[in-house]
Amino acid sequence: MNTLILKVASRLMVGLILIFAIYLLLRGHHSPGGGFAAALVAGTGFVLYFIAEGTAPVRRTLRVHPASVAGLGLLTALTAGLLGPLSGRPFLTGLWLSAGNTALGAIELGTPLLFDVGVFLAVLGAILTVLLALEEF
Amino acid sequence: MILLYLPILLPLATASLMVMPALPHRLRYPTALTGSLAQLAVTLLLLQGVLDAGILSAQTGNWPAPFGITLVADLLSAAMVVITALMGLAVILYAQPAVARAGGGPLAFAHVLLAAICGAFLTGDLFNLYVWFEVMLMASFALMTGGRGWRAVKGLTAYVVLNLLATLCFLMAIGLLYGLTGTLNLAHLHLQLALVDGDATVTAVAMLLIFAFGIKAALFPLYHWLPAAYPQLPIYTAALFAGLLTKVGVYSLLRVTTLLFAAHQAAILPLLLVSAALSMLLGVLGAAAQGDVRRILSYHIISQVGYMALGIALFTPLALAATIVYLLHHIVVKTNLFLIAGLMRHLGGAYQLERLGGLYAKSGLLATGFLVAALSLAGIPPLSGFWAKLLVIRSTLDAGHLSLALLALAVGLLTLYSMTKIWQAAFWHPAASPPAGTAPGAATLWMGAPVALLALITIFFGLGIEPIFQFATHAAEQLVHPQIYVKTVLGG
């Protein structure tokens, strides 16, 4: 769609949307959010971008094929699940690693975050594969 | 127990590797094949584990049952995942000439389908079963996009609509069950539903579930999607679907009737009995009227599923063992018959009987393979189908249903008629016109090897029925007396 207003607005919006998606991803385990919701929000960012600029710049920005993102995401999620059995606990057991205390509170890294990142990539890759293909149809 | 997860995780990992365009083209088919071999290996280990140690269970994420998702492998589940992996391997070998050059694209979704089917067989949680049904549906949609033309769209639409309806009813049943008992863990539901006495809601839930699984299993009167959809698929996809998809429905029926509604059978079993008998009869009559190999085979799935449902409906230990033997026998034979149909097309140039001919002269081995599978389907001794049918008929006689036993015999005879029809037209008669098929070559070897493998399994299944029957009897005992299952899942 060739309108100046949309192009200018989308440059501001896309960045904001992607940052919001990452915010949703990171708060996901303890509060509403998570990889799936974050990927849908990030997907709308990319959709806005290709509506304004066409699909070619979006594919360039992604650098890799979206289907690869999806496959990588699924593998990441599986890896997060397999860390449990590797440490002698059931599949998908949440493992937590304390990364020290800060003024804002304790920072903990856990396999649920890794799993959520996997879900994020899988969903984002899948919807972008579909939506880009539909847009170029 | 990571072993319970591997039959699901390995094909998922294989599929995620295969969807990546970054994976080099020449590595794609080997990846699919390796994934399939690895899946077969872990399912065999799982079966060995269950044989050694009894029912195995695993609590996902270390959440104790009934709060988390439990995976359970009893003898039935373990046998089903082994046979699933075996069929996956056979189909992937068979599809080599069709897909290897194109990078094995559809095989990624075949692996997702295999993961979902194994998930459905291994899960101990009703909602998780629903999720695997959905994954199965998504993967099958992706595999179906091979179909072309208006007839294909019509046939596949029937599949899509009816299967979406089935999952919707399944979901409604799950909602009602959760409202009624507050749990969705199958073992916990077994205990909770026994406390609900004669509640009309339980009957409603049971009907919704039987409707949903009846569509999946293609039971009367819900089978119309099957003969409409299967002939429209690429033949290797059709073989995978024909062997496994309806059997997931039968397996789910087996699970819920034994585990969930053991105390509420009066409403369910008579309905299932009528539906099973009519499926047997109408399926076989439908097949007799067809002239396309794939359509004949599709209708026979319906009549064969009828035998399995009949075993469930009789609900004696022997009848359930008969259903299990039937399941295992039928998956192998039906997959093989579809694979053979593909080879008939490959060598003879068509699926229509009037255009086929002279295949016996062209390939004696293919004719032998067809005879083994077809005679087994019809129930000729000493092949696997004979024993499966014998056990079902024996249990109908034990239950005092002489008319059903006669019906089962008559359906067997009509099955033989259909198989003879294919044999006569495609193998025996000389081809009417100059045959359009290709000469045997390297492709035939890829396609012939799994056919030979499955035919050998059918023969050994029939000759070694004694240990298999004992296995099925033990598996049926585990179903009829779910106390060990419940104890393994819930602990204590």
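How many residues does the contact take from chain A and from chain B? The contact takes 15 residues from chain A and 15 residues from chain B, where contact means heavy atoms within 4.5 Å.

This is a predicted model, in which local features need pLDDT of at least 70, side-chain atom pairs count only at pLDDT 80 or more, and totals for chains, interfaces and linings use all residues. Residues are numbered from 1 along each chain as its sequence is written, chains are lettered from A and ligands numbered from 1 in the order in which they are written, and side-chain values use heavy atoms, with hydrogens and water left out.

**View 1. The interface of chain A and chain B.** About 1,200 Å² is buried between the two chains. Carbon and sulfur atoms give 81% of that area. Buried area is the accessible area (1.4 Å probe) that two parts lose on being put together, summed over both. On the chain A side, Leu75(A), Leu78(A) and Phe91(A) lose the most area to chain B, together 37% of what that side buries. The chain A side that touches chain B has ten nonpolar, four polar and one charged residues. Here Ala, Val, Leu, Ile, Met, Phe, Trp, Tyr, Cys and Pro count as nonpolar, Asp, Glu, Lys and Arg as charged, and the others, Gly among them, as polar. One residue pair is in polar contact between the chains, both at pLDDT 80 or more. A polar contact is a pair of N or O atoms within 3.5 Å; within protein, one must be able to donate a hydrogen and the other to accept it, and residues adjacent in sequence count only if both atoms are side-chain atoms. The interface has zero salt bridges.

**View 2. Salt bridges in chain A.** A salt bridge is a side-chain nitrogen of Lys or Arg within 4 Å of a carboxyl oxygen of Asp or Glu. Over all chains, the count is five. Glu53(A) pairs with Arg11(A) at 3.6 Å. Glu53(A) sits in helix H2 (residues 35-53) and Arg11(A) in helix H1 (residues 4-27), 42 residues apart. Helices (H or I, at least four residues) and strands (E, at least two) are DSSP runs, numbered from the N terminus. Glu53(A) is partly exposed at 26% relative accessibility, whereas Arg11(A) is exposed at 61%. Buried means under 20% relative accessible area, exposed over 50%, partly exposed in between (1.4 Å probe, protein chains only). Glu136(A) and Arg59(A) also form a salt bridge, at 2.9 Å from N to O.

**View 3. A buried salt bridge in chain B.** Asp74(B) meets Arg255(B) with the closest N and O atoms 2.9 Å apart. Asp74(B) lies in the loop between strand E2 (70-73) and helix H3 (75-94), and Arg255(B) in helix H11 (residues 235-260), 181 residues apart. Asp74(B) is buried at 0% relative accessibility. Arg255(B) is buried at 6%.

**View 4. Helix H13 of chain B.** H13(B) is largely enclosed by the rest of the structure, because 22 of its 22 residues are buried. At its start, a side-chain oxygen of Asp292(B) reaches to within 2.7 Å of the backbone nitrogen of Arg294(B). Just after H13(B), Phe315(B) takes a positive phi of about 60 degrees.

**View 5. Helix H17 of chain B.** Buried residues of H17(B) include Ala388(B), Leu391(B), Val392(B) and Ser395(B). Their cover includes helix H13 (293-314) and helix H18 (402-428) of chain B. Just after H17(B), Gly400(B) has a positive phi of about 85 degrees.
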